[in-house]
Amino acid sequence: PMVLSQSSGDLGIIGRGNETITPAGTGDLRLVPKLRLFGDNEGGPSATLQFTASLPTGEAKDFLAEAHPTWEPALAVGYRFAKHGSAGARVGYLFRAAGEFLNTDLGDQLIAGAGAELPLGSDTLSLVGDVFGALTTEGDRAQTEGETPVQAIAGLRIYGPARLVFTLAGGTGLNSGFGNPRYRALAMIG
């Protein structure tokens, strides 16, 4: 992933007074092999195992990446009810280095999310949306809102010529969880 624009407030609270974060950069390299258990892209139910591994290639100090490699096995299930219409959910477990940031425990997390794509009356346009969150499973303190980030994102997907797909979306953090943005904008071409 790439970050095209980000900003921060005063970094003095984390001991980095008079510093700023890099406004743009690349995140970690992610490898996502998948194994389809059943189903296809034509319609009906499906299930897939995913094994996401990330290698630290971005700048952790600028909140663009992890400082160490991570690994996340997950199960994704879904149901396709139209050519560009589907709903699904995903649950996984993120293995990551333990740590602490501003009295918030960091480390392994249970990850979950649900999303949908709804056709908007044509074969070329659909509405997409996703809600996802995490629950930190490590630490010696009681869970705080900071350890349970939840985000939502929604947008439009355009199916173009030559099987190109364009997605424009925006979203926000739904609580004050660690890593939640005030706003997020996405542009994808696939």
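Predicted model: local features only at pLDDT ≥ 70, side-chain atom pairs only at ≥ 80, totals over all residues.
Residues are numbered from 1 along each chain as its sequence is written, and side-chain values use heavy atoms, with hydrogens and water left out.

Where does Ser 46 sit? Look in strand β5, residues 44-55. Setting aside residues up to four places away in sequence, Ser 46 touches Arg 36, Phe 38 and Gly 39, along with Ala 76, Val 77 and Gly 78 (contact means heavy atoms within 4.5 Å).

Now zoom out. The protein has 14 strands and zero helices (both are DSSP runs numbered from the N terminus: helices are H or I with at least four residues, strands are E with at least two). Of its 190 residues, 28% count as buried. Take the contacts between residues at least 6 apart in sequence: 47% of them join residues at least 24 apart.

Finally, the aromatic rings. Ring pairs link Trp 71, Tyr 93 and Phe 95 into a cluster, and the count comes to two aromatic pairs. Rings of Phe, Tyr and Trp (its six-membered ring) pair if their centres lie within 6.5 Å; planes under 30 degrees apart count as stacked, over 60 as edge-to-face and the rest as tilted.

Terms used. Buried < 20%, exposed > 50% of the residue type's maximum accessible area, 1.4 Å probe, protein only.
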